[in-house]
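Here are my notes after going through the model. Have it open while you read, and tell me where you disagree.

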Amino acid sequence: MGGGFGGFMPQQSFHMRYSGRQRQFRRFYSAYPIAAYQHGNKMDANYGGKIFMPPSSLDEISQLEVVYPLLFKLQNDEEEEQGKKPRTHCGVLEFTAEEGRVYLPQWMMDTLRLSPGSAVEVINVALLHGSLVKLQPQSVDFLDISDHRAVLENALRRFSALTVGDIITIEYNGREYRIAVRETQPSPSAINIVETDLSVDFEPPVGYVEPTAQSSRASLSSADMNGRSSIAKDIHKQEESIKNEAANLRFQAFRGAGTRLSSGTERNADSNKPASLRSYASSATPDAGQTTDNSMEEDTPVALDLPIGTLFFGYRLVSPAGSQSDQQDEPKFQGQGRVLRQRRKR
C-alpha cells in the first residue's frame, strides 16, 4: 500500500544497503504550501503524504548509501510543546522545487505549525513496514461513505509513511475528510506503508453517539407517526387541490344576453330540467353597474355549470304549445266529400 520514490533507487546489494556505512541526509529548507507551487497545478498533492524537494537534494542523496524508498522526517525546531518538537514523516513526490525550498501539503503545514517561509529540517530516515494502523475520522460525515476501506485503500496510495498524532486529509467525491492516526504497529510512532500488507482499523468518528435500543425504537415509532401524518396531509392537500382546480376550470357558457327571432310566449326552462342538473345550473350574472328588467332576465340563457366528470346529454324533450304532438288525438279530415259530376244511376 502506498508508493515511494523508486525511480532513483540505485542497484545495490542488501548487505551494502544495510552495512552500517549509511550516511544520513539532513538539511534545512524554507517550507511553503503546495498552493504556492508555481510549476503547474499540483493541488492534488494536498491529499497525500509526499513533498517537493529541490534538484540539489537529489544529487546529494544519490551519493549517499541510503535506504530506499526515500522516507524523510520533517521537524520544526522553532516550536516545542511539552518538550517535543512537532514532527511528521513523508515521502518525496518530485525534485522540482526551487533551491532552498520545499513544498508541503497543507495538512503537514498545520501539523508542524509552520507558516510560509518558516524553516523546516528534513532528515532521511528508515521506518519499519507497518502491519496495522488505527484511524479516527474527525467528522461523522465520513459515515456517509458506503465503502470506507476501499476509499482509504485508494487514498493511502498517495502516502509513504504514517505518523501517530497526524491528522491527514483525503479527498473523496469532491469532499475533504480529516482523519487522525491513533495507533501504528509494529512501531508505536511511525510506519512505512510502501508495498506492505496493512490492516486498517477504525475508531468511532468524533461526535458520533452510539444509538441505544430504546432510542432506536423511539426513532422508529416517531418516523412511523411522521410518515402517517405526512400521508394524511398529502391526501388532504391533494383533495383540496382537486376541488380548487374544479372550481377554477368550471365551464360557464352563454353568459351573454340572447335575442330570439320569434315573439312566442317564453316558457320557464328550469322547470323542465332534471333535478340533478338544476342544482348545478345557475343563471348568468349581469356586470356591476348594469340593471336589467324582468323581461331581460327571462330572455337571458341559463348558464350550464357542471362539475368535473359530469356529462350532459340534453334536457327532457318538451313539445311547445300548438305543436303536432298536442293534436295527435284530434280527428282528421272531418269535412263532407264533394264531386263536380253527379254519378249516373243505372
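The points below go through the helices, the salt bridges, some loop residues and a surface patch.

1. First, the ground rules. This is a predicted model, with local features needing pLDDT of at least 70 and side-chain atom pairs counting only at pLDDT 80 or more, while totals for chains, interfaces and linings use all residues. Residues are numbered from 1 along each chain as its sequence is written, and side-chain values use heavy atoms, leaving out hydrogens and water.

2. Start with helix H2, residues 55-62, where Ser57, Leu58 and Ile61 are buried. Their arc around the axis is only 100 degrees, so they sit on the same side of H2. They pack against strand S1 (26-33) and strand S3 (71-75). On terms: helices (H or I, at least four residues) and strands (E, at least two) are DSSP runs numbered from the N terminus. Buried means under 20% relative accessible area, exposed over 50% and partly exposed in between (1.4 Å probe, protein chains only). The arc is taken from the directions from the helix axis to the C-beta atoms.

3. Helix H4 (148-155) has Val151, Leu152 and Ala155 buried. These fall within an arc of 95 degrees seen down the axis, so they line one face of the helix. Their cover includes strand S7 (132-137), strand S9 (167-172), strand S10 (175-185) and S12. As background, an α-helix has 3.6 residues a turn, so residues three or four places apart point the same way.

4. On to the salt bridges, meaning a side-chain nitrogen of Lys or Arg within 4 Å of a carboxyl oxygen of Asp or Glu; the count is 7. One of them joins Glu121 and Arg26 at 2.6 Å, N to O. Glu121 is in strand S6 (residues 119-125) and Arg26 in strand S1, so the pair ties together parts that are 95 residues apart in sequence.

5. Another bridge pairs Glu94 with Lys42, with the closest N and O atoms 3.1 Å apart. Glu94 belongs to strand S4 (residues 87-94) and Lys42 to the loop between S1 and strand S2 (50-52), a link across 52 residues. Glu94 is partly exposed at 23%, and Lys42 is partly exposed at 25%.

6. Asp77 and Lys85 also form a salt bridge, their closest N and O atoms being 3.5 Å apart. Asp77 is partly exposed at 28%; Lys85 is partly exposed at 35%.

7. Have a look at Ser189, in the loop between S10 and S11 and partly exposed at 33%. Its C-alpha lies 5.3 Å from that of Val164, 25 residues away along the chain. Leaving aside neighbours within four places in sequence, Ser189 is in contact (heavy atoms within 4.5 Å) with Arg87, Leu162, Thr163, Val164 and Thr184.

8. Thr196 sits in the loop between strand S11 (190-192) and S12, and counts as buried at 17% relative accessibility. A polar atom of the Thr196 side chain lies 2.9 Å from the backbone oxygen of Gly130.

9. Last, the loop between strand S12 (199-202) and helix H5 (213-248) holds Tyr208, which is partly exposed at 35%. Together with Val140 and Leu143, Tyr208 makes a nonpolar surface patch of about 230 Å². Patch residues have over 30% relative accessible area and no salt bridge, with like charges joined within 9 Å and nonpolar side chains (Val, Leu, Ile, Met, Phe, Trp, Tyr) within 5 Å. Accessible areas come from the Shrake-Rupley method with a 1.4 Å probe, and for residues only the protein chains shown count as cover.

Technical notes. A polar contact is a pair of N or O atoms within 3.5 Å; within protein, one must be able to donate a hydrogen and the other to accept it, and residues adjacent in sequence count only if both atoms are side-chain atoms.
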